[in-house]
Amino acid sequence: MSDRFALTGARIFDGDNWHEGSALVVRDGLVEAIVRQGALPPGVRVVDAGGGMLVPGFVDIQVNGGGGVMLNDHPDVVSIETICRAHAPFGTTALLATLITDTPAITAAAIAAGEAAALQKVPGFLGLHLEGPHLSIARKGAHDPALIRPMTDADQAMLIAARQKLPVLLTTIAPESVEPARVAALAKAGVVVSLGHSDTSYLKAKTFAEAGASVVTHLFNAMSQIGNREPGLAGTAIDVGTLSAGLIADGIHVHPATIRIALDAKQGPGKIVLVTDAMATIGTDMTSFTLNGRTIYRKDGSLRLADGTLAGADLDMISAIRFMHGVVGVELTEALRMASLYPAQAIGQSHRLGRLANGTAADVVALSDDLGIERVWIGGDKVFEAGAPR
């Protein structure tokens, strides 16, 4: 039996334009149309959004954990479900569950869990992001240096095989640990290759972009910086138009002025996209957790190892949007695109995510005028309502 309803009573942002006095018609989990409220299809069920705005669901391409669990510690379908559920109340309707550098056995288990989650169509699960282990020790950040290593033929084959069973597979690599030919082979197979945790030069990073790398992981963090004679990976991310770049917008990882400079300078069509780099803390009141046997402490809005090294972020996507709009000064529609359309484009999914148009997923967030999350739908199913029991 067909499930068809219309969301009314709110301004609608389709990813490009605003629609006033209109309704969003959903059918069988997909957007059917945006129509004038006086032109609703006969017999369609009407759901009053009660004011505010309806916007495309947020797409997060770097989510390490949530709901008290880390994918590294529990690489199984239950953990993926828990992580997706934890982020839905903050407007994230599609995410890449992210594995931080770990052992080959844990990596294989995470891939198997991702493949099973895709088969089970876990709500909100978009695919996997394997952040490492093929990184640079010089820019390791919170990654365990004992587990960082060069990519082998077997690693490359594993990634290509995994991509065939996952909707999206993104991997963060450093040019120090991977050859351009491997990047070209991965990109040809449909793996999204991101450059990160690297001390590479501008010219070498540009070579890797030409080979097929298309994303840069958490801009300005764990990478070579912009200098007067060497732009580094940060400069490459901004200057090379084919690259998109993730940004942790929490006011801790990157200064607001630096964000403004990067936005003004970024060459397209690649965009700067919002990521949370979220850890187990999201949706909980926990004050610490472990990663690869090391304790990470939650304090003053940040997550750090005992030596003060930042370890992911205590950030959800709607908070990142509020920060971009309210602190950095980005226009609201652009901040929303940075959380939905642009990340979907970065991973080749903008035909179905990040927009509200005929045939796209009915992933919808109802926001109040002060950017509070009121309701969230994934594939037309309501998964969160403010004030309702969780």
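## Before we start

Two strands count as paired if DSSP finds at least two bridges between them. Helices (H or I, at least four residues) and strands (E, at least two) are DSSP runs, numbered from the N terminus.

This is a predicted model, where local features need pLDDT of at least 70 and side-chain atom pairs count only at pLDDT 80 or more, while totals for chains, interfaces and linings use all residues. Residues are numbered from 1 along each chain as its sequence is written, and side-chain values use heavy atoms, with hydrogens and water left out.

(Axes are lines fitted to C-alpha atoms, for helices over the stretch in contact, and angles run from 0 to 180 degrees between N-to-C directions.) Three bridges hold the antiparallel pairing of strand E19 (residues 294-299) with E20, and arginine 298 has leucine 303 in E20 as its bridge partner.

Now for a hairpin. Strand E4 (residues 22-27) and strand E5 (residues 30-36) run antiparallel and are joined by six bridges. Valine 26 sits opposite valine 31 in E5. Two residues lie between E4 and E5, and in that turn aspartate 28 has a positive phi of about 50 degrees.

## The six-strand sheet

Another open sheet has six strands with mixed pairing, in the order E3-E2-E7-E21-E22-E23. At the edges you'll find strand E3 (18-19) and strand E23 (381-385), each with a single partner strand, so one side of each is left without a neighbour in the sheet. Strand E2 (residues 11-13) pairs with E3 in the antiparallel sense over two bridges, and isoleucine 12 has histidine 19 in E3 as its bridge partner. Helix H9 packs on this sheet and touches E2, E3, strand E7 (53-56) and E21, its direction making about 50 degrees with that of E2. Touching, or contact, means heavy atoms within 4.5 Å.

## Two helices that cross

(Ala, Val, Leu, Ile, Met, Phe, Trp, Tyr, Cys and Pro count as nonpolar, Asp, Glu, Lys and Arg as charged, and the others, Gly among them, as polar.) The axes of helix H8 (residues 317-328) and helix H9 (residues 332-339) come within 9 Å and cross at roughly 145 degrees.

## Helix H5 and its two faces

Which residues of helix H5 (residues 202-211) are buried? They are Tyr202, Ala205, Phe208 and Ala209. These residues cover an arc of only 125 degrees around the axis, so they are on the same side of H5. (The arc is that of the directions from the helix axis to the C-beta atoms; buried means under 20% relative accessible area, exposed over 50% and partly exposed in between, with a 1.4 Å probe and protein chains only.)

Among the elements covering the buried residues are strand E13 (169-173), helix H4 (180-188), strand E14 (192-195) and helix H6 (232-239). The face of H5 turned away from the buried side carries the exposed Leu203 and Glu210. Just after H5 comes glycine 212, with a positive phi of about 140 degrees.

Most residues other than glycine have a negative phi, and most peptide bonds are trans. Alanine 222 has a positive phi of about 55 degrees and lies in the loop between strand E15 (215-216) and H6. At 21% relative accessibility, alanine 222 is partly exposed. Leucine 371, in the loop between strand E21 (364-367) and strand E22 (373-378), has a positive phi of about 65 degrees. Leucine 371 is buried, with a relative accessible area of 6%.

There are cis peptide bonds too. One joins glycine 132 and proline 133, with omega about 15 degrees; proline 133 is in the loop between strand E12 (125-131) and helix H3 (153-163). Another runs from glycine 268 to proline 269, with omega near 15 degrees, and proline 269 is in the loop between helix H7 (256-265) and strand E17 (272-275).
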